[in-house]
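Subject: Handover of a model

Hello,

I am passing this structure on to you. Please open it first, then read my notes below.

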Amino acid sequence: MVLEVKHLRLVEAVATYGTLTNASKYLHLTQSALSHQLNELERRLGTPLFHRVGRRLVPTVAGERLLDAAKRTLTVLRRTEGSIKRIAAGSEAVLRLTTECYTAYHWLPAILDAFAERCPKVDVQIVADAARRPVNALMAGKVDVVVMNEPPKNDKLRVIPLFEDDMLVVMSPDHRLAVQQFVRPEDFADEHLVMYSASTSNSMLFKRYLDPAGIAPRKISAIQLTEAIVEMAKAGQGIAVLARWAIEPHLRDGSLVALPMTREGLRRQWSAVVLDQGSTPLYIREFCRLLTSGPAAMANRGREQRPAVRYQ
């Protein structure tokens, strides 16, 4: 391409100030340097861009066409540059969030309220499509923060521990297991287990309990929506193992029973994962700090109340 940003600024300045002398002062160039740029640009484009009317330089037809494009393009570039500077200063940005597997974000509004007070110009967006491969999305620059458990070891990632939560076996109140104090590995043998993924290789439930016991559920179904899994369990169409903070709202009305996995229970560590770029932006650090207190506080309140959960 012949045209560069400096050419657009040149045409805009000459059209605005009318003379090379005034335009050169605005652009902080010598008049001879600006004249050389203009002559070279006209030569490369093959047509004059200005003609002299008295002491002023007035755009030709070609010059008007280029001036119109210059105004629109420079406006966009200036707006973009200003936005990037505000992002760098932490006063304006978009924070893109995804969580591993979970589509339940009932804990998010309280965090957003606190975050908005501290970073009012930062917009938080949930990228639900990235939940399948959150680390890949993070490495590709499609998200900024991933909330997940068991993050991979990678020198390019920074892992921020958040909180532990209970993994509970959820089912309908009418389910045969609902009368028990806890669920044992052998209880899964005759059950329809609903999971986020049909793959069991990365499942904590299988790695810790079912595989060592040599137990396989009668049927496994993969459903990637938390709400759909919960509704399946409520309807008696299967059981599931979900984190307490993902099902907390469904435990209060008695439509769902949640039991610990074995007498000791099953707990899982959650972390926020960001790219390790030397200096993490202030607004991302602040959001992760709120995540540490937000979901953890919710999990703690859930453990204190223990609705519809029975322990021995």
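Here are notes on a helix pair and on aromatic rings.

This is a predicted model: local features need pLDDT of at least 70, side-chain atom pairs count only at pLDDT 80 or more, and totals for chains, interfaces and linings use all residues. Residues are numbered from 1 along each chain as its sequence is written, and side-chain values use heavy atoms, with hydrogens and water left out.

Helix packing

Helices here are DSSP runs of H or I, at least four residues, numbered from the N terminus. H1 (residues 5–17) packs with H2 (residues 20–27) at about 130°, and their axes are 8 Å apart. That makes H1 oblique to H2 (angles under 35 degrees are roughly parallel, over 145 roughly antiparallel, 65 to 115 roughly perpendicular, the rest oblique). Axes are lines fitted to C-alpha atoms over the stretch in contact, and angles run from 0 to 180 degrees between N-to-C directions. Contact means heavy atoms within 4.5 Å. H1 brings Arg9, Leu10, Ala13, Val14 and Tyr17; H2 brings Leu20, Asn22, Ala23, Tyr26 and Leu27.

Aromatic pairs

There are two aromatic pairs (ring centres within 6.5 Å; planes under 30 degrees apart are stacked, over 60 edge-to-face, the rest tilted). Tyr17 and Tyr26 have ring centres 5.2 Å apart and planes at 35°, so this pair is tilted. Phe115 and Phe287 have centres 5.2 Å apart and planes at 85°, so they are edge-to-face. Phe115 is in H5 (residues 108–118) and Phe287 in H10 (residues 282–305), so the pair ties together parts 172 residues apart in sequence. Both Phe115 and Phe287 are buried (under 20% relative accessible area; exposed is over 50%, partly exposed in between; 1.4 Å probe, protein chains only).

Best wishes

Terms used: Helix = DSSP H or I, 4+ residues; strand = E, 2+ residues; numbered from the N terminus. Phe/Tyr/Trp six-rings, centres within 6.5 Å; stacked < 30°, edge-to-face > 60°.
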